[in-house]
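I opened my notebook to look up the ligand and its surroundings, and then the aromatic rings.

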Amino acid sequence: MFTTANGTTVGRIGQGTWYLGEVPTREARETAALRCGIEQGMNLLDTAEMYGDGAAERLVGKVIRDYDRESLFLVSKVYPFHADESHIYSSCEQSLRRMATDYMDLYLLHWRGKVPLSETVDCMEELCARGKIRYWGVSNLDLTDMQELERLSCGGHCVTNQVLYHLGSRGVEYELLPWMVHRNMMLMAYCPLAQGGQLRRGLWESPVIQKLAAEHNATPAQILLAFLLTRPGVLPIPCSSSPEHTLENGSALRLRLSPEELRQLEDAFPAPRHRVPLDIV
Ligand code: NDP
């Protein structure tokens, strides 16, 4: 589990920010949503220089003004084409400026591009040494890329791989997740709600999810999150622009699925029994 700079444990559910901060008239509600999450213990905020061309990072900067910075865990991502020694230091500096902070808790390579992994790793280590970031990690890397990373000098310092993972897309369970768990490396699950169901038609409406939601007096979103929370080493980062939805997502922590209920989900949405390519958006 991650900890913040003051030693606070990071909540089991984080908050995404993709598409937030882009429309001024929505800002007040989005700010309220992120605050509502922080106040429920969802103290990890995930953003990226890519999101709204820095708009999401700016929103994060406004939201965190009201909190003790050291009780929060800020994650941002660098574009693959900025992940080399000529660009990464200024990319990181600009992200920090937009978030109005002087350090990031975690900095991720957003996906693998043409820059050699070894160069990115050296830069990430240098950013740690300069105190600009506390930890570094990667995103959208499949197992073979992770193995290549691990063989590099300091490659083992990578603390996470952020990948797409939800009940309707369980390819990571075959090899990547066990490999990461074995190394005590957190898997940050993006699109944990399948983007409100858009990524897998019929997922939210499926009879089993509807039934379990009704039995637990819960919502489909909470069932999807409760499923991921049964996986050790998995940290879902749902995104919401609505305080009501954020409250709902945070409450998923209190929802316990029984072994029989998990079996029903397993039957309806089985994990693949062979290697499948990493799902991405
Ligand atoms: P999510 O699976 O988190 O789904 C977000 C959608 O679900 C929004 O439309 C939101 O709408 C809706 N939603 C959220 N909570 C509820 C709820 N309780 N009930 C009903 N609808 C709900 O998708 P994201 O793509 O946003 O992924 C999460 C985060 O992961 C991103 O924001 C980003 O930070 C990260 N990410 C990382 C990627 C990478 O390449 N590393 C790629 C994609 C995402 P509403 O606003 O109305 O609540």
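Which polar side-chain atom lies 2.9 Å from a nitrogen atom of the ligand? I found that it belongs to Asn-249, and I counted the pair as a polar contact, that is, a pair of N or O atoms within 3.5 Å. Taken alone, the ligand exposes 900 Å², of which the protein buries 86%, with areas from the Shrake-Rupley method and a 1.4 Å probe.

I noted that this is a predicted model, in which local features need pLDDT of at least 70 and side-chain atom pairs count only at pLDDT 80 or more, while totals for chains, interfaces and linings use all residues. Residues are numbered from 1 along each chain as its sequence is written, and side-chain values use heavy atoms, with hydrogens and water left out.

Of the 28 residues around the ligand, Asp-46, Ser-139, Ser-240, Ser-241 and His-245 come nearest.

Last, I turned to the rings and found five aromatic pairs, meaning rings of Phe, Tyr and Trp (its six-membered ring) with centres within 6.5 Å, called stacked with planes under 30 degrees apart, edge-to-face over 60 and tilted for the rest. Tyr-79 and Trp-111 have ring centres 6.2 Å apart and planes at 90°, so I recorded this pair as edge-to-face.

Key
Near = heavy atom within 4 Å. Polar contact = N/O pair within 3.5 Å; in protein donor to acceptor, adjacent residues only side chain to side chain.
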